[in-house]
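Here's a friendly walk through a structure made of paired chains.

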Number of protein chains: 2
Amino acid sequence: MFDPVEKLKEFVRCPSVSTDPRYKDGMRAAQGFVSGLLGSLGFAVEVVPTGLHPIILAQRAGEPGWPHIIIYGHYDVQPPDPLNLWKTPPFEPTEREGRLWGRGTADNKGPLMAHIAAVGRLLEKNPRVPLRLTFLIEGEEETGSPSFLPFLEKFSRRLDGDFVFLSDTGIPREDQAVVTCGLRGLTLCEVEVTGARMDLHSGLHGGVLRNPIQALAELCASLHTPDGRVNIPGYYDDVLEVEPWEREELGRLGTNEAEYREFLGIPAFHAPPGYTPFEAVRFLPTLEFNGIGGGYQGEGSKTVIPSKALVKISCRLVPNQTPQKIRPLLYAAIRERMPKDVTFRIIDQHDGMPYVVVPPGRSNTPRNQPPRLAQAFRALDAAATEVFGRAPLYLREGGSVPIIGDIKRVLGLDSVLFGLFLPQDNLHAPNESFNLRVMQKGSEVSERMLSTLAAG
Amino acid sequence: MFDPVEKLKEFVRCPSVSTDPRYKDGMRAAQGFVSGLLGSLGFAVEVVPTGLHPIILAQRAGEPGWPHIIIYGHYDVQPPDPLNLWKTPPFEPTEREGRLWGRGTADNKGPLMAHIAAVGRLLEKNPRVPLRLTFLIEGEEETGSPSFLPFLEKFSRRLDGDFVFLSDTGIPREDQAVVTCGLRGLTLCEVEVTGARMDLHSGLHGGVLRNPIQALAELCASLHTPDGRVNIPGYYDDVLEVEPWEREELGRLGTNEAEYREFLGIPAFHAPPGYTPFEAVRFLPTLEFNGIGGGYQGEGSKTVIPSKALVKISCRLVPNQTPQKIRPLLYAAIRERMPKDVTFRIIDQHDGMPYVVVPPGRSNTPRNQPPRLAQAFRALDAAATEVFGRAPLYLREGGSVPIIGDIKRVLGLDSVLFGLFLPQDNLHAPNESFNLRVMQKGSEVSERMLSTLAAG
């Protein structure tokens, strides 16, 4: 068997930034690396071309009656900028303090490697293990997976799995496993406001027209109520009721508000009434401003009335909201509230469906839950309890993995999400790293769960 | 005599951006150019060092009884950004359509050159003309003239003029001269808001804290009433009553609202009730947002909750408001209205006093107006009527020339402001240009006025 840490280093050395064409070679290297590794484990590897970065479809066939598990991962990573904040170069993986440092170590190369290593050991111990396995590894996750949905639709017959298994979510501490039971969705847009056709001298023209920054500020200020809720009619209509067991589970998280506030460095939280910050981030939708810009932002002053100003808005959605319903509500609010003495345009950006799955034995577990999904949850629970020394928590998470909702919709499959990121991992930020003990434990849990399923 | 247009081109080729240390050489070149030109006309030129950019003090001495006219100008210019919007490079002056294009052609190198050329011709025709003349040319006008006030205080004895003469204000059309009778003042600041200590993933943390962009939007939206007035208690307390003759004079401007709206390219004006756009810009104070920034502003999306957001605010003030009174009112409003779950700081920027001077023979002309100031107004009126083919208009202007208020306060001198900018000149914007026929006419008026004063 290969050494998973050494293999992970090789993987991280491929600078596979999907959003930036300058990293084309790195993308190709990462794709070749994964394909080769899975091929060496006996998988039939197909590299499926897309408009942008190919999807790797690696399958181990078997008897039709065997369980079929689809393991998802992605070989692309976030851009490493700002480079000057990295302590060691992002694409030269470095081991220290029990961690591997580098871009993509945690998101998602390390967790993916944990599962590949689990499968490798399983097949080494029992080359005839009665499992059908599919690795589905894309290269566009960090750009919103534009090719993934058409791929699913085209390859649905070969993706006749029992469930999807992946690690692309978080855990609170090294010794606390988490099974992620829900994800928020997304709907994104940009609003560009135009006042005069050109930048104006604020003395010669100030006082006659509405400044586009002012119009934008008025719009943005209108989108929340003072108590922190989104101020758009109908926004909360489809928000899924929180089950008492979900609040209880969250209560076992073991992080307190004072610590969290300290971590963020804020004077006070601003969660809507009736929700702790930990609940708000998981159970409620948001509307956030990700960026705003207009006019002079440099040193000192420039007394200009800018022609244009823009804001980037992202809404996180929870089950059972949908981008199809929320986007028109948002746009209607923008159109209605934007002052009439400016012009504006709304630029669509990507969407993602929220997702929820309920483990067996809960108040809201669906009666018709597929037996192999229920079996997987039970096997995972046992394995995680053994390896981590305590039962896993079943939590929804605030982040989004939009392809999970697409898989549910197109293939009808649920996902078993086993968290492996720690808060210290610096995902999407400089000095990303992955805890190698967590990687080892995650790989062990994965192997045990697959073994149990193979045993029938 | 030198060719004023060729000399102006030389002047514009010196990239004298005072706010940006990268243009240090350009500042030195511009300063050397002006000093040399005035020296060649026989002026005793002194380059007075300051903390930042030297002030050029060029004097032509004479009998104590002669009129002493101080001609003001500035050799610094605005930054040329955004560079990609210029049709020809900002510091390579280009003549086309009867205009000279380039940064600083209008503000203020062209108008200054018109006066230098006028003095040049006057001295050529009559080398013994009985006038004392001082050119006072600074290099920090575009950064708020921080060195000018201490300079005035130090050099007040040598600045024993009858009045100050300058062209740093506008005219509505090529054939309509304007004598500017008032200027707005300024008070500037920047507000920086901080949410969490670092940028956050909007999925993992969205919903627990107030986004600093949101806090800033709420603050900004609170600073105006829906009808376009500044929403700060006491803001309008000291605003000078408008005289009927001022509204009448403005009525003769000959620009209609439809044309002005078309020029700006806006769907509607937003002037406070009771004021036309032309009146609002001259007679009312404003509060404008000159720039706003925070988070991700690039292509596409990045689902971040930014740590910081900033806004740059400028208030234009009218007589008899003062920055000393308005700044505390503004800061109190910011402190009171900023949401308490973010932190913020206010960064002071520069101030400028508003200014008003009344020409002879009006309802509100001071009884004790100095005879040589009154004489200058009458001489200017006659010269402008002759050269432009119609009587000049006497108008207050929306822009600010803060040093005019300082001169009044420290030296006790009023200023005769002869407008030369056209609305098409794009001051402070890309594709600045100066109309060369206006330059020629302005120079002619200047020479005639000085001749009349010399004749006693």
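Predicted model: local features only at pLDDT ≥ 70, side-chain atom pairs only at ≥ 80, totals over all residues.

**How the copies are related**

**Where they touch**

Now for the meeting place: 70 residues of chain B are in contact with 68 residues of chain A. Which parts of chain B supply at least two residues each to this side? They are helices H5 (212-221) and H8 (277-283), plus strands S11 (286-295), S12 (304-305), S13 (308-317) and S14 (343-352). S11(B) gives the largest share, with nine residues. Sorted by class, the side of chain B that touches chain A has 28 nonpolar, 32 polar and 10 charged residues.

Do the copies use the same surface or different ones? It's the same surface, because 94% of the interface residues of chain B are also interface residues in chain A.

Strand S11 (residues 286-295) of chain A is joined to S11(B) by five bridges, and the two strands run antiparallel.

**A helix pair inside each chain**

Two packed helices are described by the angle between their axes and the distance between the axes.

| Helix pair | Axes come within | Crossing angle |
|---|---|---|
| H3(A) (residues 105-125) and H12(A) (residues 436-455) | 8 Å | roughly 45° |
| H3(B) (residues 105-125) and H12(B) (residues 436-455) | 8 Å | roughly 45° |

In chain A, H3(A) and H12(A) are therefore oblique to each other, and H3(A) passes H12(A) in a right-handed crossing. On the H3(A) side, the residues making the contact include Gly110(A), Pro111(A) and Ala114(A), while those of H12(A) include Met439(A), Gly442(A) and Ser443(A). By class, this contact of H3(A) with H12(A) has seven nonpolar, six polar and two charged residues.

Over in chain B, H3(B) also passes H12(B) in a right-handed crossing. Among the residues that meet there are His115(B) and Arg121(B) from H3(B), and Glu447(B) and Leu450(B) from H12(B). The contact of H3(B) with H12(B) counts seven nonpolar, six polar and two charged residues.

Note on methods. Residues numbered from 1 in each chain as written. Chains lettered and ligands numbered in written order. Contact = placed C-beta atoms within 7 Å. Axes fitted to C-alpha atoms, helices over the stretch in contact; angles between N-to-C directions. Helix = DSSP H or I, 4+ residues; strand = E, 2+ residues; numbered from the N terminus. Left-handed = near helix turned anticlockwise from the far one by under 90°. Nonpolar A, V, L, I, M, F, W, Y, C, P; charged D, E, K, R; others polar. Parallel < 35°, antiparallel > 145°, perpendicular 65-115°, else oblique. Pairing = 2+ DSSP bridges.
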